[in-house]
Amino acid sequence: SLKLLLRAPEPSRTGLAASLDLYGPTRSGLEGGVGLGAIRSFGRVALRAGASFATGVSSWSPHLHGGLSAAVALGARWRVLGELVAEVSGGEAVFSAGPAVKLALGEGTALMAGALLPVGPGAPAPSLAVQLTRAL
């Protein structure tokens with residue numbers, strides 16, 4: 001993902017960011033998308049919401065990804081998150097939810113690991129993810 005900070009979060013203001021994303025490989029192959037996200041901090045708890053429009057790179061298969069998360073700071077470097085994710089395609093929505101942990105490795109660098117578990121019928125199989133991010 002290439003993210004552009006549109007408005008920095010402050011204690012009394014919601015932060016906004018836009019992104020250009022490349023996902024893959026996914027269940028449907030390589031995907032590209034654009035997204036918009038918001039974050040608001042309330043002390044040690046941060047609430048996030050985001051949505052992105054994505055499609056397969058090799059074939060037109062438009063769908064929406066959306067998600068909500070709450071992160072609790074456990075210190076200066078560790079965060080624990082709970083996430084709810086929805087994917088809407090062809091007029092149907094499927095939901096997944098799960099935990100994640102995030103470790104700040106240094107200024108602008110973080111390591112995150114998490115799981116998404118199916119919620120309700122039609123949800124995708126459970127998935128595990130490890131993500132290394134670096135701010136430019």
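The model is predicted. Strands E3 and E4 run antiparallel and are joined by 12 bridges. E4 and E5 also pair in the antiparallel sense, over 10 bridges. One salt bridge turns up in a search of the whole structure.

- Strand E3 spans residues 29-42 and is antiparallel to E4, with 12 bridges between them.
- Val 34 stands opposite Phe 53 in E4, and Gly 32 faces Thr 55 in E4.
- E3 and E4 make a hairpin, with two residues between the strands. Gly 43 sits in that turn and has a positive phi of about 70°.
- On to the next pair: E4 and E5 are antiparallel and share 10 bridges.
- Ala 54 has His 63 in E5 as its bridge partner.
- E4 and E5 form a hairpin too, with six residues between them.

- Two elements give two or more residues to the patch: strand E4 (45-56) and strand E6 (78-89).
- Val 72 belongs to strand E5, which runs over residues 63-73.
- Val 72 has a relative accessibility of 31%, so this residue counts as partly exposed.

**His 65 and its surroundings**

- His 65 is another residue of strand E5.
- The His 65 side chain makes a polar contact with the side chain of His 63, at 3.4 Å.
- Setting aside neighbours within four places in sequence, His 65 contacts Tyr 23, Glu 31, Gly 50, Ala 51, Ser 52, Ala 54, Ala 86 and Glu 87.

**Salt bridge: Glu 10 and Arg 13**

- Side chains of opposite charge can pair when their charged atoms come close.
- Glu 10 and Arg 13 form a salt bridge, and their closest N and O atoms are 3.4 Å apart.
- The search of the whole structure finds one salt bridge.
- Glu 10 is partly exposed because its relative accessible area is 40%.
- Arg 13 is partly exposed as well, at 31% relative accessibility.

**Thr 133 in strand E9**

- Thr 133 lies in strand E9, residues 127-134.
- Its relative accessibility is 31%, so Thr 133 counts as partly exposed.
- Thr 133 and Ala 110 are 23 residues apart in sequence, yet their C-alpha atoms are 5.3 Å apart in space.
- Not counting residues up to four places away in sequence, Thr 133 touches Gly 108, Thr 109 and Ala 110.

Terms used
Residues numbered from 1 in each chain as written. Predicted model: local features only at pLDDT ≥ 70, side-chain atom pairs only at ≥ 80, totals over all residues. Heavy atoms only, no water. Helix = DSSP H or I, 4+ residues; strand = E, 2+ residues; numbered from the N terminus. Buried < 20%, exposed > 50% of the residue type's maximum accessible area, 1.4 Å probe, protein only. Polar contact = N/O pair within 3.5 Å; in protein donor to acceptor, adjacent residues only side chain to side chain. Contact = heavy atoms within 4.5 Å. Pairing = 2+ DSSP bridges. Salt bridge = Lys/Arg side-chain N within 4 Å of Asp/Glu carboxyl O.
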